[in-house]
Amino acid sequence: MKKVLMLMALSLGMFSVANAQSEPKKGDVAVEVGFSPFRDNGETFKLNEGMLKGRYFLTNKDALRLKLGFGLDNENSKTNNFQDANDKTRSYSIYNGTSEKKNKCTKFSIALGYERHFKTIKRFDFYAGAELGYGLESYSGSEDNENVTTYYNAKGILEQTTYHHDTKEYKNQNTSGRASSHYFTGAVFTGVDFYVYKNLYLGAELGISFKTGKSPNTYYTKYEEDRTTNANGVDTYYYLSNYSSETGVKTTTSMSDNRTSTQTTIGAAISNETTNTSVKLYIEPSIRLGWKF
């Protein structure tokens, strides 16, 4: 019986020490990261937008928080398409083409906030607060398509070759139309930290946030080229075009039947600057892992 009582007293003492160590104190600093362990898209345990958060306790109950986020993502995809003729006993053609897309995204965000911590209950530390922040997202992209088709007669002798090449360079957007933006944010929130052991804790948070931002004009430049050459490699036809949606100006140069012409057309320029504001209830789809020292 004495052994049982001593074991219970020792366990209670150890829990009390762990609980006392977990309670925030003036001058404490905490650093944490967020990750998502329950995503279904193969991104398990991926850090949330590179977000890092730090806290500094002004008193036992009051803390300043600073959130910093940074992300850099480059996506490249290339497709090759080759088609050969099955029947070469008559006139046939061979097609060889490539298509490539490149996208780049840079993200940065910063937010400064205040937290009011309530009395720690066992290992649970409840808090509430507010924050203001600023962020930006920068997108760009390009597309490149090129193909060559060679034509042969029934004897396998080259008759002519057609060549096509077009490129697009996107500004303030990617190839999927995702636009760049800069924005201001704010939130009021409440959350809880659970101290797993001593100064190591897990946390979750929910609140109401607002976001207001602006996306600048998005536009692209396009270059296009088509050529047809004979068996001797001499151009019998070509078409060259340059276009900018920012200015609406398109310049084309073409040659057919040994006659060359150049033409410039002026169309409407793109103007699609937008401003968006949203307010929503948020629940962090993540777990915050932090260390207080």
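## Rings, hairpins and a buried loop residue

Arg65 lies over the face of Phe189, 4.0 Å from the ring centre, where a charge counts as sitting over a ring if NZ of Lys or CZ of Arg is within 6 Å of the ring centre and within 35 degrees of the ring normal. The charged end of Arg227 likewise sits over the ring of Tyr238, at 5.1 Å from its centre.

The model is predicted, so that local features need pLDDT of at least 70 and side-chain atom pairs count only at pLDDT 80 or more, while totals for chains, interfaces and linings use all residues. Residues are numbered from 1 along each chain as its sequence is written, and side-chain values use heavy atoms, with hydrogens and water left out.

The structure holds eight aromatic pairs, a pair being rings of Phe, Tyr and Trp (its six-membered ring) whose centres lie within 6.5 Å, with planes under 30 degrees apart counted as stacked, over 60 as edge-to-face and the rest as tilted. Two of these pairs are listed here.

| Pair | Centre distance | Plane angle | Class |
|---|---|---|---|
| Phe124 and Phe126 | 6.4 Å | 20° | stacked |
| Tyr134 and Phe184 | 5.3 Å | 55° | tilted |

Tyr134 lies in strand β5 and Phe184 in strand β7 (residues 181-197), so this pair ties together parts that are 50 residues apart in sequence; strands are DSSP runs (E, at least two residues), numbered from the N terminus. Tyr134 is partly exposed at 29% relative accessible area, as is Phe184 at 48%, where buried means under 20%, exposed over 50% and partly exposed in between (1.4 Å probe, protein chains only). Ring pairs also link Phe124, Phe126 and Phe194 into a cluster.

Asn153, in the loop between β5 (124-152) and β6 (158-171), is buried, with a relative accessible area of 18%. The side chain of Asn153 reaches the backbone nitrogen of Lys155 at 2.9 Å, and a polar atom of that side chain lies 2.9 Å from the backbone nitrogen of Ile157. Leaving aside residues up to four places away in sequence, Asn153 touches Arg90, Ser91, Tyr92 and Glu159, contact meaning heavy atoms within 4.5 Å.

Strand β10 (residues 235-244) runs antiparallel to strand β11 (residues 249-256) and is joined to it by seven bridges, given that two strands pair if DSSP finds at least two bridges between them. The hairpin of β10 and β11 has four residues between the strands, and Gly248 in the turn has a positive phi of about 80°. Eight bridges join β11 to the antiparallel strand β12 (residues 259-266), and in their hairpin, with two residues between the strands, Asp257 takes a positive phi near 55°.

Methods
Polar contact = N/O pair within 3.5 Å; in protein donor to acceptor, adjacent residues only side chain to side chain.
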